[in-house]
Amino acid sequence: MASLRKQEEDNDELNCLFVHGPIIVGAGPSGLAVAACLQEHAVPSLILERSDCIASLWQQRTYDRLKLHLPKQFCQLPLLNFPDYFPKYPTKRQFISYMESYAKHFSIDPKFRQPVLRAEFDPLTGLWTVQTQDFHYFSRWLIVATGENAEPVIPEIPGIDRFRGPVLHTSVYKSGSEFQKQRVLVVGCGNSGMEVSLDLCRHNANPHMVVRNSVHILPREMFGVSTFSVAMLLIKWLPLRLVDKFLLLVANFTLGNTDKLGLRRPKTGPIELKNATGKTPVLDVGALSQIKAGKIKVVEGVKEITRNGAKFVDGQEREFDSIILATGYKSNVPSWLKGTDFFTQDGMPKPPFPNGWKGENGLYAVGFTRRGLLGTSSDARNIATDIADQWRIINKDIRKKEQL
Ligand SMILES: Cc1cc2nc3c(=O)[nH]c(=O)nc-3n(C[C@H](O)[C@H](O)[C@H](O)COP(=O)(O)OP(=O)(O)OC[C@H]3O[C@@H](n4cnc5c(N)ncnc54)[C@H](O)[C@@H]3O)c2cc1C
């Protein structure tokens, strides 16, 4: 950051850098949000980012037709709102341009191409050592901002290696234009699976969507108001189960019975399920009508992939030209953060929301709430306030010593 005064003490031989403020790992929305909030308290920070740009998930690993799933007021970062002229659901391009303006506005200047390979707390020095290929960084504070979606989940499907066509994860899918007239097997029926299937339809491809588990599909809007806003409002007044009942009643009324289309609803309600497991309900942006029209075919679980297609658990066999894995993402924290039991094996903070932002010995986590960008904002503000309190005390002590 520009405000990071020349506070790094270089040691060229060892490539060791002492960072006076916190080290933030990851320059996605969470990393930027916490850096901005720290700056508001006049605390400098250093962001280490593995890729060569900010918001790399959005810039490099999302499809062209992506729009924010939630209305913009739930997705803006602290201290700088979206421009007024942005639509209710900003496009991916608009969101990226907002992120770029955000970084510029707060003079946030991450160090790119710095994948963090290992980070560990040293109780002797009281510092975190953060190791990249070329450097050892040291700081009192480590903020994990590598996201819930750091690595694609690639499931093991029997026979997938012998498939003759391309197999790709949604993280590298850009547009259905590359799949025109193709028979495409889309594995997974979350928001990405649904939207990719819809995009394929719009480009004259023939998608078959694998629906192995039950799934909640809700309309993106109810009576012109976003379903998310309705849920947020009702939750303030009503018990969660009642809110779920209401959402399902309206969903059944507007979308019809999705069970009949092969999309079985889970027994637990959508919000209760989200809170318990993190599984997000699908917000329909048009895929359901294509399913009803028979343009997106719903198929049951895959038994095995063959050279030319797939065999399904119901005994059917079909030929496909391509396979797209809409199988989600996972956190990568356990692969590089060592010597702490603050995170689970899945790389999520152990304390549940809203307490998952603060660990021990100056360790923090931003953006691991399973509540999207809304959760990021709340974490970023909490972390910045907490570190700023410590920063003031430390600087006061330093000034006292200097006066002696
Ligand atoms: C298709 C899609 C649509 C979404 N739509 C919405 C939406 O509408 N609303 C919403 O609120 N949320 C949405 N999300 C959730 C989304 O993850 C968040 O909005 C947001 O990107 C999270 O920001 P983040 O900074 O926590 O994580 P990320 O955006 O994933 O950023 C993490 C950064 O850390 C870097 N990194 C990872 N590991 C390392 C390492 N070891 N060393 C250095 N750097 C590292 C990554 O390169 C990345 O730049 C969507 C997610 C996806 C995949």
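User: How many helices and strands does the protein chain have?

Analyst: The protein chain has 10 helices and 23 strands. This is a predicted model.

User: What radius of gyration does the protein chain have, and what would a compact globule have?

Analyst: The protein chain comes out at 23 Å. A compact globule with 404 residues would have a radius of gyration near 22 Å, so the two agree.

User: What does the C-alpha trace span along its principal axes?

Analyst: About 80 × 50 × 40 Å for the protein chain.

User: What share of the residues count as buried?

Analyst: 39% of the 404 residues in the protein chain.

User: And the contacts between residues at least 6 apart in sequence: what share join residues at least 24 apart?

Analyst: In the protein chain, 66% of those contacts do.

User: On to the ligand. How many residues surround the ligand, and which are the closest?

Analyst: 34 residues surround the ligand. The closest are G26, G28, G147, G367 and G372.

User: Which helices each supply at least two residues of that shell?

Analyst: Three are on the list: α1 (29-40), α2 (56-60) and α10 (372-403).

User: How does the shell around the ligand split by class?

Analyst: 15 residues are nonpolar, 16 are polar and 3 are charged.

User: Now sheets. What order do the strands take in the open sheet of 4 strands?

Analyst: The order is β4-β3-β8-β23. The pairing is parallel.

User: Which strands stand at the edges there?

Analyst: β4 (46-48) and β23 (363-365). Each has a single partner strand, so one side of each is left without a neighbour in the sheet.

User: What does the twist average from one strand to the next?

Analyst: It averages 20 degrees.

User: How many bridges join β3 to β4?

Analyst: 3 bridges join them, and the two strands run parallel. β3 covers residues 23-25.

User: Which strands does α1 lie across?

Analyst: α1 lies across β3, β4 and β8 (142-144). Against β3, α1 runs at about 160 degrees. α1 also belongs to the helices that each give at least two residues to the ligand shell.

User: What about the sheet of 5 strands, what order does it have?

Analyst: β10-β21-β11-β12-β17. This sheet is open too, and its pairing is parallel. The edge strands are β10 (167-169) and β17 (297-299), and each pairs on one side only. Neighbouring strands are turned by 25 degrees against each other on average, direction ignored.

User: How many bridges join β10 to β21?

Analyst: 3 bridges, with the strands running parallel. β21 spans residues 322-325. L168 stands opposite I324 in β21.

User: And how many bridges between β11 and β12?

Analyst: 5 bridges, again in the parallel sense. V184 stands opposite P207 in β12. V186 faces M209 in the β12 strand.

User: How many residues of β11 are buried?

Analyst: 4 of its 5 residues, so β11 is mostly covered. β12 also has 4 of 5 residues buried, so β12 is largely enclosed by the rest of the structure.

User: Which strands does α4 lie across?

Analyst: α4 (residues 191-202) lies across β11 (183-187), β12 (206-210) and β21. Its angle to β12 is about 165 degrees.

User: What phi does A42 have?

Analyst: A positive one, about 60 degrees, although A42 is not a glycine. A42 is in the loop between α1 and β4.

User: Is A42 buried or exposed?

Analyst: Exposed. A42 has 12 other C-beta atoms within 10 Å, and 12 or fewer counts as exposed.

User: And what phi does R370 have?

Analyst: R370 also has a positive phi of about 60 degrees, and R370 is not a glycine. Its place is the loop between β23 and α10. R370 counts as partly exposed because it has 17 C-beta neighbours inside 10 Å.

Methods: Residues numbered from 1 in each chain as written. Predicted model: local features only at pLDDT ≥ 70, side-chain atom pairs only at ≥ 80, totals over all residues. Near = placed C-beta within 6 Å. Nonpolar A, V, L, I, M, F, W, Y, C, P; charged D, E, K, R; others polar. Pairing = 2+ DSSP bridges. Axes fitted to C-alpha atoms, helices over the stretch in contact; angles between N-to-C directions. Contact = placed C-beta atoms within 7 Å. Rg over C-alpha atoms; globule rule 2.2 N^0.38 Å. Buried ≥ 20, exposed ≤ 12 C-beta atoms within 10 Å, placed from the backbone.
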